[in-house]
Amino acid sequence: MSIYNQNPEDVLKTLDTSLEGLSHEEVKKRQDQYGLNLMNQSKPKSPFIIFLEQYKDLLVIVLICAALISAISGEYVSTAVILVVITINAILGTVQTLKARKSLESLQKLSTPHVKVLRGGQVEEISSDQLTIGDIVCVEAGDVIEGDGRILEAANLQINESALTGESLPQEKSVAALQGEKPLADQTNMVFSSGLVTNGTGKYVVNAIAMDTQIGHIATMIENASERKTPLQKSLDEFSVKLTISICVICAIILCINVVFAHEDLLDALLIAVALAVAAIPEALGSIVTIVLSISTQKMVKENAIIKQLNAVESLGCVSIICSDKTGTLTQNKMKVMDVFANQVAFAPEALDASDHCHDVLLKECLLCNNAIYREDSKIGDPTEIALLELFDNYGKKDDDYVVETERLYEIPFDSTRKMMSINSKFHLYTKGAVDELLKRCTQILIHDQKRPLTKEDKEKILLKNEEYAKKGLRVLGFAYKNMEPRELDYSDEKELCFVGMVAQMDPPREESKDAVEKCRIAGIKPIMITGDHAITAQSIAQQIGIFKEGDICLEGAQLEKMDDEELDQVLPKVSVYARVAPEHKIRIVKAWQKRKEIVAMTGDGVNDAPALKQSDIGVAMGITGTEVSKDAASMILMDDNFSTVVKAVITGRNVYANIKNAITYLLSGNFSAILAVVFTSILFLPTPFTAVHLLFINLITDSLPAIAIGMEKGTDDILRQKPRKSDDSILNRKTMLKIGSEGLIIFVFVMAAYYLGLQSSASLASTMAFATLCLSRLLHGFSSRSDLPLFKLSVNIYSCLAFVIGAGLLMLILLVPGLHGLFTIAQDLTLSDVGIIVLCALGSFICIQIIRVIKMKISD
């Protein structure tokens, strides 16, 4: 027998507790037995494991092999430098990952729920994690249910369990035992963790906590789901494999040339191959990507978006479909009175005038026939009732002299059968409810200060207006009253009423939603509304904010059920609104778009949204209304539950990708010039232009600093005008490869010019001049790589300026301080005129690249 089949007394016996609650000693015993009321959380990786994972990259493995070859060859300085660089990058990656995790942990600690329990007969407020089985919990309107439990007392108790069941309306709760087996949504004498008390008071005894709750069962199913790799991760993985294979092939060819044709010693040939590998590998790439993503997540926190997984930032830039919930995300998540109908005339709420008796009665009903609590600091209760109190309050502010002197005495609560509620005051009965049901009980109508019989024409006019409101997606309440002496009420009193008027409400769109939707369309992103609300309401809101356009389709869950996958695929591009949907429908919609190779972002707040959030490429949970399970399943949390924040995140994501791509282009174009130099000199049997120490200095200083600066380039909204890239688009497409090749070739030409000038004196000077020119050229190239535009079209990036100053300063230190020449294999015969040639060659490459940018800009214009 289930606990909902037992009466309260038997439940208390089963759980070995009483209405007085548990003693503190018993609480301690049960906490030892059952544990704390906490959801299982995956054990975070230790810093050491995160550190070791930085070495999993294929390119890093190649570098480690290069270090071993250097060690075998007796080049211990090169070995040490390679290992130091790898270790520094691993430390940077670890620190940034830990910082991101710490930010999320601090966010999760911002709010700890509290509950009121009876312990030893006394009411105590405790942290929800201290709740245990057998605790008696007291709840009232505004409280969130913690733990699952059986109701012991209920006074007009209504609980919104939409987060668990998907049912949008609050459920009326009772104490009576239920007969037979019942589905979750019909267990009316039970409460479930995450439920929100919208009305009344009650007590329940806890029978399940933590992972044994209904939410816990769903969380168990979710936590085993596999994570999807982001497009950038896939692209970088593919890039690493291709680059590693290319490096190995080129190194093997150069090794053969040097051993077979140049008759070099094997170890010397291996050292040249090592230099080539070091030149080709962008050692700082992993750390730069991590740093850029980490900085972006911290920036997005200021914009009310918490990114749980670093790589999700970049995925946002690929989003081509955004499936958004309506309530609270696209709308304000509060009801507002939009229109009033009284004296058989419709008018704006601002036109209410209490000097008109009909208006006066309507305002009184808004105040008295209401169970919500409305204060400046808190608004608790049913949203429709809060809107009525807000209407009354706004009128009171307009007319300071208006005061309601009467008070409510008795009440018949609202129930879903009658669809109305009534209260009486000292002289009247006031009733509000569904217009069609209310009219059945009305015999009169109030026009200004006169009551007269309600005619058939009156009813037709009222019902016609009610239908007109409904077609606009408005929620309508009717109001009626009659003279009556104060006494206990029963249902038979709700008759022979006088109709007063109607109030039409809706959850209005957020002001910024329309602009955000327009930005989506400009960006080539299709916004879709998915809601459990009625189709008329959903379509009305969608039209107002621009989601639903002429020719679009609004599909209901029942229609979706009847479609097979092929039929859904045919109508999919035209559907912009899904109404009355169930959780399984959301997953199906997401999968249908993913089948079309689209990147899907999905917003949600309930436990039943969690599977769809997990299935989507970017799951977006609500920070205010969202449940813990939905937040755990998501990759991003909106702290303001606002659709426009998702669009801001997409802009950031696109800018992040553009910056990372520019940084990679910068790294590879510089590395390509170094590879060309090594290959060119090897083929011509010339002295090697760079030592491993030279190349590692370039990779550590002149690569890392400008690349990080490029990653921190300030983005613009203009990037929205680009279409979202496909998930299978390579980061190194044809256009990017041509850019890397052409710019790398230009730098190579000027490096070789400096090399040949130095070679006139000695191989040592040639190597020094090639190294220094490559170094300075790449530092200057950091400015060019910020964008495809010429430098004069860009704003100042202070980070790029700092990177250049630091890099150039360190380079000059190496060149001009004799004590450092030995460590960095700088030629002893280097003169100031040689330094001048180095500067001129570096400037030459920079100027050539800028001229090409200007020509391209003129052609495109």
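**Note on the predicted model: contacts, sheet, cores and helix packing**

1. Leaving aside neighbours within four places in sequence, G147 is in contact with N37, L131, V191, F192, S193, Y204, A208 and T213, where contact means heavy atoms within 4.5 Å. G147 itself lies in the loop between β3 (136-140) and β4 (148-160), helices (H or I, at least four residues) and strands (E, at least two) being DSSP runs numbered from the N terminus. With a relative accessibility of 0%, G147 counts as buried; the classes are buried for under 20% relative accessible area, exposed for over 50%, and partly exposed in between, with a 1.4 Å probe and protein chains only. The C-alpha atoms of G147 and L352 are separated by 46 Å, and the two residues are 205 residues apart along the chain.

2. On provenance, this is a predicted model, in which local features need pLDDT of at least 70 and side-chain atom pairs count only at pLDDT 80 or more, while totals for chains, interfaces and linings use all residues. Residues are numbered from 1 along each chain as its sequence is written, and side-chain values use heavy atoms, with hydrogens and water left out.

3. For the chain overall, the secondary structure comes to 28 helices and 26 strands, and the C-alpha trace spans about 115 × 70 × 55 Å along its principal axes. Of the 861 residues, 54% count as buried. Among contacts with a separation of 6 or more, 71% are accounted for by residues 24 or more positions apart.

4. An open sheet is formed by 8 strands in the order β8-β26-β25-β24-β9-β21-β23-β22, with mixed pairing; two strands pair if DSSP finds at least two bridges between them. Its edge strands, each pairing on one side only, are β8 (305-307) and β22 (553-556). Neighbouring strands of this sheet are turned by 20° against each other on average, direction ignored.

5. Within that sheet, strand β25 (residues 618-622) is mostly covered, since 5 of its 5 residues are buried. I618, V620 and M622 point one way from β25, whereas G619 and A621 point the other way. Strand β24 (residues 600-604) runs parallel to β25 and is joined to β25 by 4 bridges, with A601 having I618 as its bridge partner and M602 standing opposite G619. Strand β26 (residues 636-638) also pairs with β25 in the parallel sense, over 3 bridges, and here M622 stands opposite L638.

6. The largest nonpolar core has 148 residues, and those with the most contacts inside it are I322, I462, M636 and F690; such a core is a set of buried Ala, Val, Leu, Ile, Met, Phe, Trp, Tyr and Cys residues joined through side-chain atoms within 4.5 Å. Helix α23 (residues 643-683) contributes the largest share of this core, 18 residues. Leaving aside neighbours within four places in sequence, the contacts of M636 include M300, A305, I306, L316, G619, V620, A621 and V646. A second, separate core of 33 residues includes I3, I159, V205 and I218.

7. Helix α26 (residues 763-784) and helix α27 (residues 798-816) pack at an angle of about 170°, with their axes 9 Å apart; axes are lines fitted to C-alpha atoms, for helices over the stretch in contact, and angles run from 0 to 180 degrees between N-to-C directions. The two helices are therefore roughly antiparallel to each other, a class that covers angles over 145 degrees, with under 35 counted as roughly parallel, 65 to 115 as roughly perpendicular and the rest as oblique. The residues that meet include F771, L776 and F783 in α26 and F804, L811 and L815 in α27. By class, this contact has 13 nonpolar, 3 polar and no charged residues, where Ala, Val, Leu, Ile, Met, Phe, Trp, Tyr, Cys and Pro count as nonpolar, Asp, Glu, Lys and Arg as charged, and the others, Gly among them, as polar.

8. Two backbone values deserve a look. A210, in the loop between β7 (196-208) and α7 (214-223), has a phi near 50°, a positive value in a residue other than glycine, and A210 is buried, with a relative accessible area of 11%. N304, in the loop between α10 (285-302) and β8, has a positive phi near 70° and is partly exposed at 33%.
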